[in-house]
Amino acid sequence: MLSINQCYLDFVNKILKQGKETYKDSNHHLVESLGNYYLIDDPLDLKFEAKYQHMTSAMMLEEIKSGRFDIDECPIKSDALYEYVKSFDGPDVISLKRDFVYSYPNRILEYFGINQFEAMKKRILNATGSNRAVAITIDPVKDNNEEDIPCLQFLQCIVRNNVLTIHCLFRSNDIFGAFYSNMFFIAYIGIKMTEELNQELLGEKLNFGGIHYHSTSGHIYNNDLKAARKLIANNK
């Protein structure tokens, strides 16, 4: 089984060893790996699948805030990670105050005039095996002329054999600086979805089965390479 922490260290190390130097659109120099996939089937490092039946979104937030998932030399830890993940539960005031072009809570929960989390939940409640429980973040009209467009493009919740997995696609992912917090954010959405479905579904309860992660470009920026090497050296 693979946890977020294990996947983070593995992914950073993979890019350091196998990544190719390139430039992105805005002329940032980076080291990149194309076409990446990971199954993070034990995101919170609980060791046993059955333990996710008792994991709630509130418990996950408490564990994040406690520092249980902190990694030496990782650029985001406990309180900062907690605030990032918890932003999915309420007004995304941090991003709004900074005048960001987009934020994931905003795009998923209200941007298109629809709460896509609730829409995904409704699809599954109507047909547990549905392949239509999807959410997108890209807005072809607004984002067409923007420099900064969402890195996370697509989410899908799928239930099979009473296990819910969440699938994500990143068009671009900063693996050293953002992947770690991105995965806790997405795991939180999956656990919250499982929890809320179990409050309404009759019969056998669902379990959370983790994250299927896809990225077309996983990369580390050149100015983060030294810190990334230190991360790996300190966590062997």
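**Exercises on a predicted model**

Phe112, Ile114 and Ile136 together make up a nonpolar surface patch with about 230 Å² of accessible area. The structure is a predicted model.

**Exercise 1.** Locate phenylalanine 112 and decide whether the residue is buried, partly exposed or exposed.

*Solution.* Step 1: phenylalanine 112 sits in the loop that links α5 (104-109) to α6 (116-126). Step 2: its relative accessible area is 32%. Step 3: buried means under 20% and exposed means over 50%, with partly exposed in between. Phenylalanine 112 is therefore partly exposed.

**Exercise 2.** Classify threonine 137 by its accessibility, and describe its surroundings.

*Solution.* Step 1: threonine 137 belongs to the loop between β3 (134-136) and β4 (152-160). Step 2: its relative accessibility is 3%. The cut-off for buried is under 20%, and threonine 137 counts as buried. Step 3: beyond its neighbours within four places in sequence, threonine 137 contacts several residues, among them Tyr104, Arg107, Ile108 and Phe112. Leu152 is also in contact with threonine 137. Step 4: a polar side-chain atom of threonine 137 lies 2.3 Å from the backbone oxygen of leucine 152.

**Exercise 3.** Determine how the buried residues of α8 are arranged about the helix axis, and identify the elements against which they pack.

*Solution.* Step 1: within α8 (residues 225-234), the buried residues include Leu225, Ala228, Leu231 and Ile232. Step 2: viewed down the axis of α8, the buried residues fall within an arc of 115°, so they line one face of the helix. Step 3: an α-helix has 3.6 residues a turn, so residues three or four places apart point the same way. Step 4: the buried residues of α8 pack against α1 (4-18), β2 (29-40) and β7 (207-221).

Technical notes:
Residues numbered from 1 in each chain as written. Predicted model: local features only at pLDDT ≥ 70, side-chain atom pairs only at ≥ 80, totals over all residues. Heavy atoms only, no water. Patch = residues over 30% accessible without salt bridge, like charges linked within 9 Å, V, L, I, M, F, W, Y side chains within 5 Å. Areas by Shrake-Rupley, 256 points an atom, 1.4 Å probe, with all protein chains shown as cover. Salt bridge = Lys/Arg side-chain N within 4 Å of Asp/Glu carboxyl O. Helix = DSSP H or I, 4+ residues; strand = E, 2+ residues; numbered from the N terminus. Buried < 20%, exposed > 50% of the residue type's maximum accessible area, 1.4 Å probe, protein only. Polar contact = N/O pair within 3.5 Å; in protein donor to acceptor, adjacent residues only side chain to side chain. Contact = heavy atoms within 4.5 Å. Arc of directions from axis to C-beta.
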